[in-house]
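Me: I am new to protein models and would like to learn how to read one. Could you go through it with me, feature by feature?

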Amino acid sequence: EVILYTTPTCPDCLALKDWLKREGIAFEERDLSDPTIMAEAKVRTGVRIAPIALVGGKVFYGTFPSQKPGLTVALGLPHAA
């Protein structure tokens with residue numbers, strides 16, 4: 001199960017969602033602009049920066065380029081050459 005905490009105007013959030021869609025990875029998106037969702041994300045992850053990706057029990061956050069290598073491994077995707 002993949003959960004993404006995103007905001008509507010975040011470029012890294014858009015890049016992450018586009019990449020997951022291209023890879024055929026289903027995800028549940030939760031909007032951090034909702035205060036209830038923001039509080040949920042902070043409790044679950046301890047993080048207050050978008051995007052936040054949860055894969056299994058692992059938490060990834062920060063820019064899309066910084067998340068991509070770890071997400072690739074966590075999702076079992078082949079590594080880019």
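Reply: What follows is a short tour through charges, rings, a helix and a loop. This is a predicted model, in which local features need pLDDT of at least 70 and side-chain atom pairs count only at pLDDT 80 or more, while totals for chains, interfaces and linings use all residues. Residues are numbered from 1 along each chain as its sequence is written, and side-chain values use heavy atoms, with hydrogens and water left out.

Me: Let's begin with charges. How many salt bridges does a search of the whole structure find?

Reply: The general idea is that side chains of opposite charge can pair when their charged atoms come close. We call it a salt bridge when a side-chain nitrogen of Lys or Arg is within 4 Å of a carboxyl oxygen of Asp or Glu. Searching the whole structure gives four salt bridges.

Me: Which residues are linked in a network of salt bridges?

Reply: Look for Glu-28, Arg-30, Glu-40 and Arg-44. Arg-30 pairs with Glu-28, with 2.7 Å between the closest N and O atoms. Arg-30 also meets Glu-40, at 2.3 Å from N to O. Helices (H or I, at least four residues) and strands (E, at least two) are DSSP runs, numbered from the N terminus. Glu-40 has a salt bridge with Arg-44 too, at 3.9 Å from N to O.

Me: Where do Arg-44 and Glu-40 lie?

Reply: First the idea: an α-helix has 3.6 residues a turn, so residues three or four places apart point the same way. Here, both residues are in helix H2, four residues apart, which is about one turn of the helix.

Me: Is Arg-30 buried or exposed?

Reply: We use relative accessible area: under 20% is buried, over 50% is exposed, and in between is partly exposed (1.4 Å probe, protein chains only). Arg-30 has 16% relative accessibility, so it counts as buried. Glu-28, at 35%, counts as partly exposed. Glu-40 is partly exposed at 25%, and Arg-44 is partly exposed at 41%.

Me: What about Lys-17, which lies in helix H1? What does its side chain make a polar contact with?

Reply: A polar contact is a pair of N or O atoms within 3.5 Å; within protein, one must be able to donate a hydrogen and the other to accept it, and residues adjacent in sequence count only if both atoms are side-chain atoms. The partner of Lys-17 is the side chain of Glu-29, at 2.9 Å. Lys-17 counts as buried because its relative accessibility is 12%. Contact means heavy atoms within 4.5 Å. Leaving aside residues up to four places away in sequence, Lys-17 touches Leu-4, Thr-6, Phe-27 and Glu-29.

Me: Now the rings. Which residues form an aromatic pair?

Reply: Rings of Phe, Tyr and Trp (its six-membered ring) pair if their centres lie within 6.5 Å; planes under 30 degrees apart are stacked, over 60 edge-to-face, and the rest tilted. The whole structure has one aromatic pair. Trp-19 and Phe-64 form it, tilted, with 5.7 Å centre to centre and 55 degrees between the planes. Trp-19 belongs to helix H1 (residues 11-22) and Phe-64 to helix H3 (residues 64-74), 45 residues apart. Trp-19 is buried at 4%, and Phe-64 is buried at 12%.

Me: Which residues of H3 are buried?

Reply: They are Phe-64, Gln-67, Leu-71 and Thr-72. They are on the same side of H3 because they cover an arc of only 135 degrees around the axis (taken from the directions from the helix axis to the C-beta atoms). This buried set packs against H1, strand E3 (52-55) and strand E4 (58-61). The face turned away from the buried side carries the exposed residues Pro-69 and Val-73.

Me: Last one: what joins Ala-50 and Pro-51?

Reply: A cis peptide bond, with omega at about -5 degrees, joins Ala-50 and Pro-51. You will find Pro-51 in the loop between H2 and E3.
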